[in-house]
Amino acid sequence: MKIRLWNTNLKIRLFGESLFNMLYWMYFPFITVYFSELFGLQTAGLMMTVPPLFSLAGSLIGGYMADRLGRRTVMLIGTALQTIMFALFAASTHHVIDYAAFIGIGLGSALYKPASSAMVADLVPQKDRRQVFAAYTTANNLGAVLGPALGAVFFFEYRQELLWCCTSIMLIYWALIFFFVHESKPESVTHRTSSHSFLSLLREQWTGYGIIFRDKMFLLYLLAGVFSLISIMQLDLYLAVYITNYVPAQSLISMFDINIRLEHTEILGWVLGLNGLMFVLFVLPVTRWLRPVQDRNVFILSALLTGIGTFLLGLGTNIWYLFGCTIIFTIGEIVRSPVMHSFISQYAPEHARGQYMGADHLQYIAGRLFAPITVFLSAWVAPLGIFSLNFASSLISALLYYALFRGLQSRGV
């Protein structure tokens, strides 16, 4: 499905999310390092487990609101909250306010994402969803190419200016949604309640999610995703700590009269930049190449490659060796991304698409909740032990995906 044939809603979101993502990758990978320098590794590790709890509530509420109030309304609320929190972070003069603003940014993002994903599913036929989600992944990762390399300098040297830029971009994006994006919720999706009291709304939401969470196959899918994401999320969690503490400053290129020498944070920026560059270059062709491959095989392949890639990171500190491990890891991440979105959009019934999308984001939130444990354990456990733990998590994910699709096959799904 060519971009020129896309609905206007999708084109605006592709532009807006790509632009913001550029700035996002200039600050987010360095947040763990920032808080660990302020509060220490153990405290920072524990602190990074709190924001996912707020995102958990935000994702569930956002999914419910997307089905009840509409996708556009929830996207506006989520974008507005992120704008306010970025402004608070930029103007902050206290580390506690920094942390509170960081939590608020995550909450706004959690509200926004289920509605955003549901809008894509509303507007794109099933046969084209893998390709469209792959296009979004490619555009979003354009920022991940240059963002980390620039953020290695700007976040630590010009943090306030960077955060004010993020505030401005989010405000512009909110205006684009407000003036140009139209509602996409299917007319068949209606919700009737006898009362509009707060308690009645909570009961309705609880009932809706209660049905979803009694779906054993869906729960198995979420659990498999959590174990997979624990490994994937180390790219901006423990990997940042590992490179900062164990990877020495070294030359990227040293030949003839050329000597490009990189410090710790710059090496991290290059590794993250390589990860983003591979997404930009290979998501669309890999998605087309894997079109005839069953979702089961794609999920299992992804879990194994990310696990092997993260484990190998702990066996060396040479920058070119780290690049090689990053390539293995990133291939696993690439094959997973568009298939995951396509799978859940097909699995979810139309009348509860927003809620399923909100529940789907629980795997990210749970992953973000448990993944920082590696940062906490790193005070006592050697790097190879941490990376071995990540590898074990990926193996568990592969086994759970196998069990999931075996169960779906027995149901005839």
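Predicted model: local features only at pLDDT ≥ 70, side-chain atom pairs only at ≥ 80, totals over all residues.
Residues are numbered from 1 along each chain as its sequence is written, and side-chain values use heavy atoms, with hydrogens and water left out.

## Salt bridge

The whole structure contains 1 salt bridge (a side-chain nitrogen of Lys or Arg within 4 Å of a carboxyl oxygen of Asp or Glu). Aspartate 122 pairs with arginine 71, and their closest N and O atoms are 2.7 Å apart. Because aspartate 122 belongs to helix 6 (residues 95–123) and arginine 71 to helix 5 (residues 71–91), the pair ties together parts 51 residues apart in sequence. Helices are DSSP runs (H or I, at least four residues), numbered from the N terminus.

## Helix 5 against helix 8

The axes of helix 5 and helix 8 (residues 159–180) come within 8 Å and cross at roughly 160°; axes are lines fitted to C-alpha atoms over the stretch in contact, with angles from 0 to 180 degrees between N-to-C directions. Helix 5 is therefore roughly antiparallel to helix 8 (angles over 145 degrees).

Residues of helix 5, including Phe86 and Phe89, meet residues of helix 8, among them Trp164 and Trp174 (contact: heavy atoms within 4.5 Å).

Definitions and conventions. Helix = DSSP H or I, 4+ residues; strand = E, 2+ residues; numbered from the N terminus. Parallel < 35°, antiparallel > 145°, perpendicular 65-115°, else oblique.
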